[in-house]
Amino acid sequence: MTEAVAAARRSRITPEREAELYEAVLDLLREVGYDALTMDAVAARTRSSKATLYRQWGGKAELVAKAVRHSKPGGSADEVDTGSLRGDLHALTLRSDDCEMEQNSALMRGLAMAVHGNPDLLRAFRDHLIEPEMAEFRRVLQRAIDRGEVRADNPAIDYVMHMMIGGFAARSLIDEQPPTQAFLLSYIDAVVLPALGATTS
């Protein structure tokens, strides 16, 4: 299939309709989980044809990964430039309120389990979530390096995503509480910034 034909087919779904579909997918994920989610159920919930869903997304893994990506806060790291690494990390964190964080935490816990047994889902997550978010953090860190806030040879640079995901996930596992803005902001100041040798004030 040529890129032009693929683009023409994708264009048949409006952005508004696409957003509705993604929201329905997330609702179904919260209700039944990834393994029990079917394209038939998505088609029924959204009053779509399975043919349209497969033509647009190719399969369940791609649809779910793009739905999760769509639910992420709008904007990119390039639009967040406060002049300091602390300010940038705080601003990125504050794009989601506590309610959204709680919903996302529960959703991601379920999907994390599903990823282990579904190579297609893992690949889709890497393409649409992990790699884009890693690239976003790399841009934020590069600006901090360019400003002289972080040394380019600091070994912690390679582990910023690990630290952020760890803090988000461990909040529920260890503290039995959902992640919140206040918790993540304090975590950034107490763990991430000191590891990078950046100022916390």
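User: Is Tyr 187 buried or exposed?
Analyst: Tyr 187 counts as buried, because its relative accessibility is 17%. Buried means under 20% relative accessible area, exposed over 50%, partly exposed in between (1.4 Å probe, protein chains only). This is a predicted model: local features need pLDDT of at least 70, side-chain atom pairs count only at pLDDT 80 or more, and totals for chains, interfaces and linings use all residues. Residues are numbered from 1 along each chain as its sequence is written, and side-chain values use heavy atoms, with hydrogens and water left out.

User: How many aromatic pairs are there in the whole structure?
Analyst: A search finds two. Rings of Phe, Tyr and Trp (its six-membered ring) pair if their centres lie within 6.5 Å; planes under 30 degrees apart are stacked, over 60 edge-to-face, the rest tilted.

User: What kind of pair do Tyr 22 and Trp 57 form?
Analyst: Edge-to-face, at 5.7 Å centre to centre with 65° between the planes. Tyr 22 is in helix H2 (residues 15–32) and Trp 57 in helix H4 (residues 50–57), so the pair ties together parts 35 residues apart in sequence. Helices (H or I, at least four residues) are DSSP runs, numbered from the N terminus. Both Tyr 22 and Trp 57 are buried.

User: And Phe 183 with Tyr 187? What kind of pair is that?
Analyst: Stacked, at 6.1 Å centre to centre and 25° between the planes. Both lie in helix H10 (residues 181–196), four residues apart, about one turn of the helix.

User: New topic. Where is Asp 189?
Analyst: Asp 189 is in helix H10. Asp 189 counts as buried, because its relative accessibility is 19%.

Notes: Helix = DSSP H or I, 4+ residues; strand = E, 2+ residues; numbered from the N terminus.
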